[in-house]
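Please look over the sequence and the model first.

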Amino acid sequence: MYKYVIFLVLIFGFGNVSEAQTGLFTNIANRHTTSLNGKWNYIIDPYEFGYYDYRLKAYDTNNSGSPAAYYNNSKAQNKMDLVEYNFDESPVIQVPGDWNSQEEKLLYYEGTLWYKRSFDYQKSGENNRVFLHFGAVNYIAEVYLNGQKLGYHEGGFTPFSFEITANLKSKDNYLVVKVNNNRFKEAVPTVNTDWWNYGGITRDVQLVEVPPVFVLDYFIQLKKGTRDKVKGFVQLSESRIEQLKLNIPELNFSQQLQTGPDGKASFEFQLDDLSLWSPESPKLYEVAITTGYETLKDQIGFRTVETNGNRILLNGSPLFLRGISLHEENTMRGGRAYAEADALIAFTWAKEMNCNFIRLAHYPHNEHTIRLADRMGILLWEEIPVYWTIDFSNEAVYQKAQKQLSDVITRDKNRACTIIWSMANETPQSEARNSFLKKLIEHTRRMDDTRLVSAALEHRVNSEGVNIFDDPISREVDILGFNQYTGWYGGHPDDIPNVKWFFDQGKPVLMSEFGAGALAGHHGDKYTRWTEEYQEYLYEQTILMMKGMPELCGVTPWILADFRSPRRNLPKIQDGWNRKGLISNSGDKKKAFFAMQKWYKEIMEQ
Ligand code: GCB
């Protein structure tokens, strides 16, 4: 409950501009929205000249009316006026979209870019409230409407919004966003990653109009351990007693509810004749929440996911996760994916490979990607960018990671397709890291006990040459995820089938990565690095190894498609791309794609 109080203070304590003010309400897709996507003017500002005066004092704190502050969108009024910028004369860039792939000179840019667009807006109801919602901005956004600071948001892959009811005009609003994507030690992710640091307003920008009291959030999923009981809550924006109705028309189901003084109604009810959601039959029901002010609909699937010893059970039946890992890039366009059509390309390839599961690496992907997976019957692993060398001993960093996790759980907790929350990827063991991850796991279970928790861990070879997992986190998770690159970063591909593994956790095991780099169209024998034949051979050998791992319940090879990475600089082979994709950045399938497709078909036919 207290999290809502904090949340409401953040959202509605609007008089004071607070840093990191981030209201978040669920189900943007079904609300009354107006898109602010399109062409925005931009100014590249590596010295933050539009933010600080020459004594490095932020205009924000001293002198917010200064025409020199870019968020004031000033223009010279007469021929004597000195104003050293002009948004309207500045170039334009597409929102949503990263800046790196849109402008050659911005390909490697890390720093500040200012965005501006103007808009008119007529509310459809006089007393309605309006919020400005960003799907994601990488990495820090400072947002100003008509010269007033709305707030600040840190974190490149999660949504945030600001109430703008009081600042909004019907004509000539100007919205200015300062975006900064500098990497720094205390950020999540930190300075060191193996993906492109795409900057910008990378996801949709929308105005969301809601009634004075609105449905802020809800959780409507099967109760843990049951296949016919729904448990959850509806939370209103205001702390007050109201009557609500929850309907599922297709099931002729209707339930009256009443919120408590905190604006929350909790419930548990029986649903007969439910068709459960599964990859084979991704059934979604329309669910409607009606208050005295609005009806908010959603499309919700019902399924259970649990573990039993070293099996994963979906709706009570054992399941093998025929997966693939995915970065949020449109590999052929070469930039951050931002449209449902981008996700559809990736999902269509994954289905062609006979996948039923995707690991969304290494950060929360776009909300429409999750909704598409719900409709297409693709199970998902969702992850936060607690990656490699995060500053684990820093409490502020923990808070950032927890915030990103909370926000993605809040956003996607009604999606049947999401079955695993992953806490981290390849993080080095230490006291600080262990307690950081334990806290994240506890937090996840408190927010959502209906899904499984995992993490992509690392293994160690013991004195007998056996790969073991003595990471204490392997005891905390529901599914033991691990990355391994035998035959690529170490070892010989010939030896892969003989590698020994020992698991004593009594849990399902998921190989969250393996792989090899290959340049599409580059051929040679199976021992020549970077050829399709080497990659294919490594896949065939790894498949043989996996066939001898009874605990294995799934695998997500690294990775569906080649992706950009500034770490990958081998000329003529990498040229700034990580080549471990099964599909090239021209969309060509490499030989290993078919090796995986064939094995998955065998599994399906068993
Ligand atoms: C890993 C990382 C992944 C890298 C990959 C690689 O273990 O989890 O982010 O891209 O290896 O290609 O080395």
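## Terms for helix packing

Angles between axes under 35 degrees count as roughly parallel, and those over 145 as roughly antiparallel. The range 65 to 115 is roughly perpendicular, and the rest are oblique. The model described here is predicted.

## Helix 3 and helix 4

Helix 3 spans residues 340-352, and helix 4 spans residues 367-376. They pack at an angle of about 40 degrees. Their axes are 9 Å apart. The two helices are therefore oblique to each other. Their crossing is right-handed.

Helix 3 brings Glu340, Ala343, Leu344, Phe347, Thr348 and Lys351 to the contact. Helix 4 answers with His368, Thr369, Leu372, Ala373, Arg375 and Met376. By class, the contact holds 6 nonpolar, 3 polar and 3 charged residues.

## Helix 5 and helix 6

How far apart are the axes of helix 5 and helix 6, and at what angle do these helices pack? The axes of helix 5 (residues 395-412) and helix 6 (residues 431-447) are 10 Å apart, and the angle is about 25 degrees. That angle makes helix 5 roughly parallel to helix 6. The crossing of this pair is right-handed.

On helix 5, the contact is made by Glu395, Val397, Tyr398, Ala401, Gln402, Leu405, Ser406, Ile409 and Thr410. On helix 6, the partners are Phe436, Lys439, Leu440, His443, Thr444 and Met447. The contact of helix 5 with helix 6 divides into 8 nonpolar, 5 polar and 2 charged residues.

## The chain as a whole

The protein chain has 8 helices and 35 strands. Its C-alpha atoms fill a box of roughly 75 × 60 × 45 Å along the principal axes. For 606 residues, a compact globule would have a radius of gyration near 25 Å. The chain has 25 Å, so the value agrees with that of a compact globule.

Of the 606 residues, 62% are buried.

## Ser66

Ser66 sits in the loop between helix 2 (59-62) and strand 3 (92-95). Ser66 has 9%, so it is buried.

Which residues does Ser66 contact, leaving aside neighbours within four places in sequence? They are Tyr59 and Asn72.

Note on methods:
Residues are numbered from 1 along each chain as its sequence is written. This is a predicted model: local features need pLDDT of at least 70, side-chain atom pairs count only at pLDDT 80 or more; totals for chains, interfaces and linings use all residues. Side-chain values use heavy atoms; hydrogens and water are left out. Axes are lines fitted to C-alpha atoms, for helices over the stretch in contact, and angles run from 0 to 180 degrees between N-to-C directions. Helices (H or I, at least four residues) and strands (E, at least two) are DSSP runs, numbered from the N terminus. A crossing is left-handed if the near helix is turned anticlockwise from the far one by less than a right angle, and right-handed if clockwise. Contact means heavy atoms within 4.5 Å. Ala, Val, Leu, Ile, Met, Phe, Trp, Tyr, Cys and Pro count as nonpolar, Asp, Glu, Lys and Arg as charged, and the others, Gly among them, as polar. Buried means under 20% relative accessible area, exposed over 50%, partly exposed in between (1.4 Å probe, protein chains only). The radius of gyration is taken over C-alpha atoms; the globule rule is 2.2 Å times the number of residues to the power 0.38.
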